[in-house]
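The description follows the structure shown here.

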Amino acid sequence: MSDPYTVLGVSRTASDEEIRKAFRKLAKKHHPDLNPGDKAAEAKFKEISQANDILSDKDKRRRFDAGEIDATGAEVPPRGFYRDQAGGPGGFKYQRGGGHESFVDMGDVFSEMFRQGGGQRGGQRSRGFGFGGERPEFGEDGFDMSGMPVTYALTVPFLVGARGGKQRVDLPDGRTLDIDIPEGTTDGTTLRLKGQGMPGAKGKPAGDAYVEIRVQPHPFFEPRDNDIHVELPVTVTEAVLGGKVKVPTVGGAVMLNVPAGSNAGTSLRLKGRGLLDRKSGQRGDQYVKLKVVLPETPDDKLKAFLESWDAGKAYDPRAAMEQFT
């Protein structure tokens, strides 16, 4: 994995806004939905998504800059503490081929810590990485015989999180799971998979698996809380004369009425077309910002009309700016 600053093309002192703009520009260019069947674009999008995951998170960015995690987000053990090389069995990192899912299993790291620590026999420790805190049962060698929880990170497409659905993942031990992604799942949501953690010893049940969901950004849907914002290109004719146009939403395309005389930047609302709030059961709205665009090929008739349009020549759209100069 390349340096995330290099991947996004920003300096190490880049602001959050500079990182956001750089990522959105690259995401629009390489998103798999806009490059169907292009494996190179898919791989590039995966790389820039991983880089953005590191740099857009203040804590992860700080830890990466400090050398505490690598460019994939995996822990970098202090030299001599566990292993000198990251990526070995103790810091097992799994990445599904051809997909966007990534997993980090640090269970062996904690096992090694307890082997080296020595004084843990019969003591109390938390099972897993901050989940639980009950006193486990220990065997003769001093190790917990019940299963340990494990934590994975799973990246899902934006529309899978918005609409819900199943996501198939391959676990490091060879098992395959179909995970139910609930509708309205947002970035940072943690799902619990009961009994899918590390197996227990001497017949003890397996621990649970905790899956932290990372939602990929979308080329044009921009979530803000439970609302969706999208910029919609319209023609000059549609803006001036008005009419019905097709608008994409997370639930599918709908028809939107564009009022006659609409201007670039006009914002229209589609009520109840946003994301589902899983706590309240309410759905947000979608806000559509109009962007008037001209044909790529110049139109001689339009040019001739504008040359003879006296009212257009007399209109100064920048007049309000003069008071600030």
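In this predicted model, L55 belongs to helix α3, which spans residues 39–55. L55 has a relative accessibility of 1% and therefore counts as buried, the cut-off for that class being under 20%. Leaving aside residues up to four places away in sequence, L55 is in contact with P4, Y5, L8, V10, I19 and R61. Between the C-alpha atoms of L55 and D65, which stand 10 residues apart along the chain, the separation is 9.7 Å.

The packing of α3 against helix α4 (residues 58–65) involves axes that come within 6 Å and cross at roughly 95°. The two helices are therefore roughly perpendicular. On the α3 side the contact is made by D53, I54 and L55, which meet K60, R61 and F64 of α4. By class, this contact has 3 nonpolar and 3 charged residues, with no polar ones.

A separate topic is the second largest pocket, which holds about 700 Å³ of space. Its lining comprises 23 residues, and V236, V240, L302, L306 and W309 lie nearest the centre. Two or more lining residues are given by each of α7 (236–241), α8 (300–308) and α9 (310–314). Helix α7 supplies the largest share, 5 residues. The composition of this lining by class is tabulated below.

| Class in the lining of the second largest pocket | Number |
|---|---|
| Nonpolar | 15 residues |
| Polar | 6 residues |

Terms used: Residues numbered from 1 in each chain as written. Predicted model: local features only at pLDDT ≥ 70, side-chain atom pairs only at ≥ 80, totals over all residues. Heavy atoms only, no water. Helix = DSSP H or I, 4+ residues; strand = E, 2+ residues; numbered from the N terminus. Buried < 20%, exposed > 50% of the residue type's maximum accessible area, 1.4 Å probe, protein only. Contact = heavy atoms within 4.5 Å. 1 Å grid on protein atoms, 1.4 Å probe; cavity = no way out; pocket = protein on both sides within 12 Å on 5 of 7 lines; lining within 4 Å. Points joined across faces, edges and corners; volume = space filled by probe spheres on them. Nonpolar A, V, L, I, M, F, W, Y, C, P; charged D, E, K, R; others polar. Axes fitted to C-alpha atoms, helices over the stretch in contact; angles between N-to-C directions. Parallel < 35°, antiparallel > 145°, perpendicular 65-115°, else oblique.
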